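Thanks for coming, everyone. Let me put the structure up, and then I'll walk you through a few spots in it.

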Amino acid sequence: MSLTPPQPPPSWNHSPEELTRLNTEYIAANRAIQDAIAALAPKDCNFTSVALANADARFEAGTELLAFYQNVSPTKELRDASNEAESIVRQFGIESSMRLDVFNAKVAAQKNLKESGEWEKLSAEEKRLVDKYILDGTRAGLALPEKERTELTDLKKELSQACLDFSKNFNEENGVISFTEEELKGVPKDVISGYTKRTEDGKEVYDVTYKTPDIFPVVQVSCDEYHPGLIGRVSSGAGYVAEEKMVKTGKNVEDFLNDLEGKLRPVGEKERDILLTLKKKEHNAKGLPFDGEFYIWDYRYYDRKYIEETLDLDDMLVKEYFPVDIVVPTILSIYQNLLGVRFEEIQGTTWHPEVQQFAVWEKNAKDESGFIGYCYLDLFPRASKYSHAAVWGLLPGYDLPGDKRAYPLAAMVANLAKPTPNKPALMRHDDVVTFFHEMGHVFHGLLSKTKFARFHGTSVARDFVEAPSQMLENWCWEPKVLEQMSSHYETKKPLSPELIEKIIKSRYVNVGLFYLRQTFFAKFDLKVHTEKAGEDYTELWNSLREKISLVKNIKATPGQGTFGHITGGYDAGYYGYTYSLVFAADMYATVFKADPLDPARGKQYRDHILLPGGSREELDSLKAFLGRPPNSDAFLKELFGTVPAAKI
């Protein structure tokens, strides 16, 4: 049964000029509301008169759509207009956050509410909104003298523009590495057939982009001894940021990372020694010199070799069982059954012809009251598109006056391998895990139901935001799920029990080295946000990486220039990727492990984790879901077996 959504999807046919005009109008409208609030007499400030919540939601929903074009539009003029629009919005956002007159109205409203007795009549979410407004102003520096406030505003604008410029340059980097067919020895033929071939200096070369589906197979099968051309081509603020996160203080972050590194180091050193032995054996067999060192480019290569030799597991063979046109609809089906929803593909305007568009409904929806929101999937790489995998919550869900509701829209952008002349589009198992993870963010954005947009969906503490999606990655290691979503592109048969067992065994191979790498990223991030004096960040990056990740390099390279997270909202927060794994492991082991596809458990997850979004403390959501406070036992057991509890 086809139903009509109560809210139409947005149109995606903006011209650069229209985009710029709309952006200007959104800013003017929001500024006018702020001016009206600032003009209120203190006695007239209350929850209704200082009504910024819905005004901010309308502003952010409108401008977020316009800013999104820079990540996905095939048209340079539109991307440039979008980037410029976001720059202007960010500057306006900083000015708004530093308005003392508006902040004073919020303070007066809170004071009046408490003195009049109206405070007790507010819901828990309404009280949380008021408290967050006051905390926002305090953290923004509005208690500082005017001179310092002005200086801080200028610094915030400078930092914001630098982050935006970084993102633009990162997305639009279209460089390639050129290899001869001999240099690509070992890279699967179907992968090579997807590279652009041309003639250079009288010989045929293949251009490999830095997009994951292109470069990753090269890194996995190449090492410097065989392809020398590859070397060098691939490569207190914390306390302030932690205040609004689950970890609460910068010292707690340091303690967590130091504790984890201490547990990981002996595991990682043992794994590195095993891989070094493998390297020595291969060098001796090929008559190559062996210097006893483990280099950064060795890791992916010998990790693959080790898995192939010890588990007899060929990543390229596994890939043949995961055609995109089978995996994507199967994963959508798994989520729909688990969470009680229904996807209906619709036809409408999108930013690119490859984009799929869905209306999402309650599973048994009979009328428009069962509408949930919209989902867009933009899955394949193209020039100047965002180069990794991520989800944008383009529209939030929130209550409107008159018992109506604004509905959410979530867009997933990914870079899965495209079809080649010889094979359909296929996904590595890593890609399947990533897709499952990102769909977790989609559903967090769709199935949250809060009164205010401020708390919708993934608007939770940054060190919790990854936990739901990380928990859902576990499905990709469950035998019955692997069988359900696999189908060999030629034989149509699912993965055999033997292959499934090998895939599952590979999950924690070299896990110490993997998480030491994550710890390195987190510690670098923490250090650059706590050091007051200037540092040589290239030297810091390379020395920390060697010390923590246990890999060497021949020369110092500016790898920090590829670390997009610290300009994309994870500044002093990268530790959250590992910190949230503690909660993810606990949720999965406690609730889902016994029956991961059980809709009743899915409803429990939907009601206690997804629905409240950030409208309450994340610890309260976890307690409601788990039936107790969270602990680190499941995480540590996953990685090490039985280990003393970590600091969380």
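Let's start with Asp312, which counts as exposed at 56% relative accessibility. By exposed I mean over 50% relative accessible area; buried is under 20%, and partly exposed is in between, using a 1.4 Å probe and protein chains only. Before I go on, this is a predicted model, so local features need pLDDT of at least 70 and side-chain atom pairs count only at pLDDT 80 or more, while totals for chains, interfaces and linings use all residues. Residues are numbered from 1 along each chain as its sequence is written, and side-chain values use heavy atoms, with hydrogens and water left out.

Back to Asp312. You'll find it in the loop between helix H11 (296–311) and helix H12 (315–319). When I say helix or strand, I mean DSSP runs numbered from the N terminus: H or I with at least four residues for helices, E with at least two for strands. Asp312 isn't a glycine, yet it has a positive phi of about 55 degrees. Most residues other than glycine have a negative phi.

Now, where is Asp403 found? In the loop between strand E8 (398–400) and strand E9 (404–406).

What is Lys305 in contact with, leaving aside neighbours within four places in sequence? Leu278 and Glu282, where contact means heavy atoms within 4.5 Å. Leu278 belongs to helix H10, residues 250–286, and is buried, with a relative accessible area of 11%. Looking out from Leu278, again skipping neighbours within four places, the contacts are Tyr302, Lys305, Tyr306 and Glu309.

For a sense of distances, the C-alpha atoms of Lys305 and His441 are separated by 33 Å, with the two residues 136 apart along the chain. Leu278 and Ala365 are 87 residues apart along the chain, and their C-alpha atoms are separated by 57 Å.

Next stop, strand E10, residues 409–413, where Val413 lies. Is Val413 buried or exposed? Buried, with a relative accessible area of 0%. Its contacts, leaving aside neighbours within four places in sequence, include Phe68, Val72, Tyr386 and Trp392.

Over in helix H3, residues 76–97, we have Ala85. Ala85 counts as buried at 5% relative accessibility, and it touches Leu19 and Asn23, not counting residues up to four places away in sequence.

Now for the end of the chain that has helix H22, residues 618–626. Glu618, Ser621, Leu622, Phe625 and Leu626 are the buried ones there. Seen down the axis of H22, these buried residues fall within an arc of 115 degrees, so they line one face of the helix; that arc is taken from the directions from the helix axis to the C-beta atoms. What covers them includes helix H20 (576–592) and helix H21 (599–610). After H22 comes Gly627, with a positive phi near 80 degrees.

Rolling a probe the size of a water molecule over the atoms shows where empty space is left. A pocket here is an open set of points on a 1 Å grid over the protein atoms alone, where a 1.4 Å probe fits, with protein on both sides within 12 Å along at least five of seven lines; lining residues have an atom within 4 Å of a point. The second largest pocket has a volume of about 420 Å³, a volume being the space filled by probe spheres set on the points, which are joined across faces, edges and corners. How many residues line the second largest pocket? There are 23, and Glu362, Ile372, Leu447, Lys449 and Arg606 lie nearest its centre. H21 gives the most to that lining, with five residues.

A search of the whole structure finds zero disulfides, a disulfide being a pair of cysteine sulfur atoms within 2.5 Å. Take Cys476: its sulfur is 16 Å from the closest cysteine sulfur, in Cys375, too far for a bond. Cys476 is also buried, with a relative accessible area of 0%.
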